[in-house]
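This report describes the fold, the pairing of strands, the nonpolar cores and the aromatic contacts of one protein model. The sequence and structure are shown first.

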Amino acid sequence: MACAALFAMAAAVEAKTVKVEMTAVETDVVVDGEGTTYSAWTFNNQYPGPVIRVEQGDLVDFSFTNPETNGRPHSMDFHAAQTDFLMHYRELRPGESLQYTWEAKEPGIFVYHCGASPMIQHVARGMMGAIIVDPKDKKSMPVADREYVLVQSELYKDPDDVQGMFDRKYENVVFNGGVFRYDPVHSKSGGHFLEAKPDERVRFYFVNTGPNNFSAVHPIAELWEDVWESGNPANRLRGVQTYMVPPAGAAIMDMVVDKGEGVVPIVTHSLTDALRGAIAILKVHKDATNLPLMPFIASGKVKSAAAH
C-alpha cells in the first residue's frame, strides 16, 4: 500500500499542466500559390488549426472562446480526450467561452475539430487540426531525425453549400490547407518542398480530417519503415507500402531516406484526390534546412463584423 501511494505521488509530481487557448476565428485564407482565398472558419486564425503537443500524462488546461463578432456557434472536440461530452463539447454561441481540464492518457496522434452543427460544414471550412501526445516512455519508438505534420482535408468550392458537402462535390484535396502546398512540380504557382538529409529517419504525423474521404498514404519509390496506428507505440507495423487512414483517423509513419539525394513524393493513392492537390514531395539533399512541424502556413485575414 505504501509503495503504491509513493508511486502515485511520484506520477502526480511528474505530470505537468499545459495551457491551450483557442479562439474561433471566421476568416479568409489563401489556399493555393495563385492567391485564391477561401472563406474559412478556423481555430486561432489558422487553416488547419495549430499543432498542439503534450506528453502522455499531462493535464491540458483548455480554454475556448467564440467571440461575439462571429456569426455562428462553434465548439471543440478533442479525439485525444476522455471527458464529459455534454459539458465540454457543447456549442458556444458568439460571445461565450469555456474552460476545463483533461488528462492526455494515451500516446499518439489525434484529430481535433469543431463539432457544431452541421459538423460536416465546420470541419470542411477549416475547424480541425492535430494534437500529438508524446509517449512517456521515450524508448518506445525510434528517435526521428526530422518530423512533419500532414493534415489531409477536402476543399469545397462553395463553403455555404452544405448539400454539396454531403454529395462529395469537392474541388480539391489538400495537405495542410493548400492545393499542392508541398509540390512545386504540380502547383500552377508557388509550392514548397519538404526537406530531409540523406540517411535521416523522417517522421510524418498524418491526420485525415475528411470530412468524407479515406486516404491511402503512399511514399513513391519508398516504403514506410514503421507505421503506428493512431500513433500509439503498441500499434506498430513494419514495411508498409500504403496505409489507409479513415476520416477522423491518424497515424505516425516513418521512412528512412537511405538512397542518397533525390525526391520522395508522398501521395494519397486515391489518385483523384492526389491529382486534385494531395501530393507532398520530400526533397532529400545534404543542405536540407530545418523546417517547422507544419511549414509554410500563413494566418488568415480576419473579416470585419460587417462582413458576417
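## Conventions

A residue is called buried when its relative accessible area is under 20%, exposed when it is over 50%, and partly exposed in between, with a 1.4 Å probe and protein chains only. The model is predicted: local features require pLDDT of at least 70 and side-chain atom pairs count only at pLDDT 80 or more, whereas totals for chains, interfaces and linings use all residues. Residues are numbered from 1 along each chain as its sequence is written, and side-chain values use heavy atoms, with hydrogens and water left out.

## Confidence and overall form

The mean pLDDT (the predictor's confidence in each residue, from 0 to 100) is 94, and 93% of the residues reach 70 or more. Where pLDDT is low, the predicted coordinates should not be read in detail.

The protein contains five helices and 20 strands; these are DSSP runs numbered from the N terminus, helices being H or I of at least four residues and strands E of at least two. The radius of gyration is 20 Å, close to the 19 Å that the globule rule gives for 308 residues, so the protein is as compact as a globular protein of that length. The radius is taken over C-alpha atoms, and the rule is 2.2 Å times the number of residues to the power 0.38. Of the 308 residues, 52% count as buried. Among contacts between residues at least 6 apart in sequence, 72% join residues at least 24 apart.

## Strand pairing

E3 runs parallel to E8 (residues 128-134), joined by four bridges, and Arg-53 stands opposite Ile-132.

Strand E17 (residues 249-256) is largely enclosed by the rest of the structure, because eight of its eight residues are buried. One side presents Gly-249, Ala-251, Met-253 and Met-255, and the other Ala-250, Ile-252, Asp-254 and Val-256. E17 pairs antiparallel with E12 (residues 201-210) over eight bridges, where Arg-203 partners Asp-254. Four bridges also join E17 to E14 (residues 224-229) in the antiparallel sense; here Glu-229 partners Ala-251.

## Nonpolar cores

A nonpolar core is a set of buried Ala, Val, Leu, Ile, Met, Phe, Trp, Tyr and Cys residues joined through side-chain atoms within 4.5 Å. The largest has 60 residues, and those with the most contacts inside it are Phe-204, Trp-224, Met-253, Met-255 and Leu-282. A second, separate core of 28 residues includes Val-18, Trp-41, Phe-78 and Ala-116.

## Aromatic pairs

Rings of Phe, Tyr and Trp (its six-membered ring) pair if their centres lie within 6.5 Å; planes under 30 degrees apart count as stacked, over 60 as edge-to-face and the rest as tilted. By this rule there are 14 aromatic pairs. Tyr-182 and Phe-296 form a tilted one, at 6.5 Å centre to centre and 50° between the planes. The two residues are 114 apart, Tyr-182 lying in the loop between E10 (172-175) and E11 (194-196) and Phe-296 in the loop between E19 (279-284) and E20 (301-302). Tyr-182 is buried, with a relative accessible area of 0%, whereas Phe-296 is partly exposed at 33%.

How values were computed. Pairing = 2+ DSSP bridges. Contact = heavy atoms within 4.5 Å.
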